[in-house]
Amino acid sequence: MFRPLATALTIALTLTGGVALAQQGPLRIEITEGVIEPLPFAAPGFIAENGAAQQYAADITRVIAADLAGTGLFREIPASAHISRVSSFDAPIAYNDWKAINAQALITGAVSASGNQIVVKFRLFDIFSGQPLGEGLQFAGTPDTWRRMAHKVADAAYSRITGETGYFDSRVVYVQESGPKDARQKRVAVMDYDGANTQYLTDSSSLVLAPRFSPNGSQILFTSYASGFPRIYLMNMQNMQVRALDEQPGTMTFAPRFAPDGRTVVFSLEQGGNSDIYTLDTQSGQRRQLTNSPSIETAPSFSPDGSQIVFESDRSGTSQIYVMSAGGGEARRISSGEGRYNTPVWSPRGDMIAFTKQNAGRFHIGVMRTNGSEERLLTASFLDEGPTWAPNGRVLMFTREGAGASGQASLYSVDISGRNLKQVPTNGPASDPAWSPLLP
């Protein structure tokens, strides 16, 4: 039996065991390592308010339902089970009909299309309390942005039901791969978070690695071998102009990430067989060295407040995770388990660090607290690596590669409880994903 929803319904993801339901007041689900029963919702087809909107209404409804069901937290009740029919956007809700099919949440909406504009309206209802969840919302856009409007509706519904920020209206930049494994061609591509609307940002004439979004999503960094050696490049997503950063003779630069200020870049620089971590001001060109060690220091990532940097280093003999001040100085090791730790990246919420772990012949994607405590492995495979955080800090995307000469790289996602592991659709083999912030 489900308890009534409320606007403050919260889904809290923790790193402790079990699944708990609040015994009093609004339903509170604590998602941990256990399995919860997905919340059933109904999304009857949005109303087309004119003839030009009919296909958009059907497509928008489909994407909204797929967004929510794809989280693993919600279960859509199929239209064939609906007793009540929604005939207009302002029609009264037959709560008892929806309650009879055990719907807890109801999403209704309408779409109008005129000229070069589409308008989407939606409302969300708590069936068991018989009340709307907040006011109705309206989004407007052009025909080529109808998917974004659907994602915005899904984000709003997700946020109202869970108390968390959504992540559907976002993009992922990644490396698109083609060709045989021993002669793989790679180019930078970008897509919606769910694999739709793929665009290619570079050609396959040179090897590219590790594209990364700026904090506002207007630029990307990536590493390219166009010069014959790894170099960091900056691309403006508005005009697609590309320029090299920090061209220093006799060096190689790689593993770049933006600081929260969107102006500073942290990266690894190799010179004379040794790599250290540096920052670079992309406007002034001023470079600063943060580490100075004979070990390999790489894969740096800023904390969301810009005060600290997490990175990997083999200064202890094997690759481990360290944290230091954003200005450099003494670093402290935070990883303590068996095996090797790589590619650490700070959660946008600031509460956890995701990483790749190699131990006993298996690769894992894991998370830990920022002090190294409460380590939790979310996946296990022949090769899982390179996690990236969804904008709300609740889901990770990463690269998974199959065994053998024919093994291809694919993108997968998993939530931080280890649930809802699934492949992300791409146009062929793909690797090195990096999630954007929520789009403006």
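The structure is a predicted model, in which local features need pLDDT of at least 70, side-chain atom pairs count only at pLDDT 80 or more, and totals for chains, interfaces and linings use all residues. Residues are numbered from 1 along each chain as its sequence is written, and side-chain values use heavy atoms, with hydrogens and water left out.

The protein chain contains 3 helices and 34 strands (DSSP runs, numbered from the N terminus: H or I of at least four residues for helices, E of at least two for strands). Its C-alpha trace spans about 75 × 50 × 45 Å along the principal axes.

Of the 440 residues, 54% are buried (under 20% relative accessible area, with a 1.4 Å probe and protein chains only). Among contacts with a separation of 6 or more, 45% join residues 24 or more positions apart (contact means heavy atoms within 4.5 Å).

Strand E30, residues 384-389, is mostly covered, with 5 of its 6 residues buried. E30 pairs with strand E31, residues 395-401, in the antiparallel sense over 4 bridges (pairing requires at least two bridges found by DSSP). Within this pair, Glu385 stands opposite Thr399 in E31. The hairpin of E30 and E31 has 5 residues between the strands, and Gly393 takes a positive phi near 70 degrees there.

Key. Buried means under 20% relative accessible area, exposed over 50%, partly exposed in between (1.4 Å probe, protein chains only).
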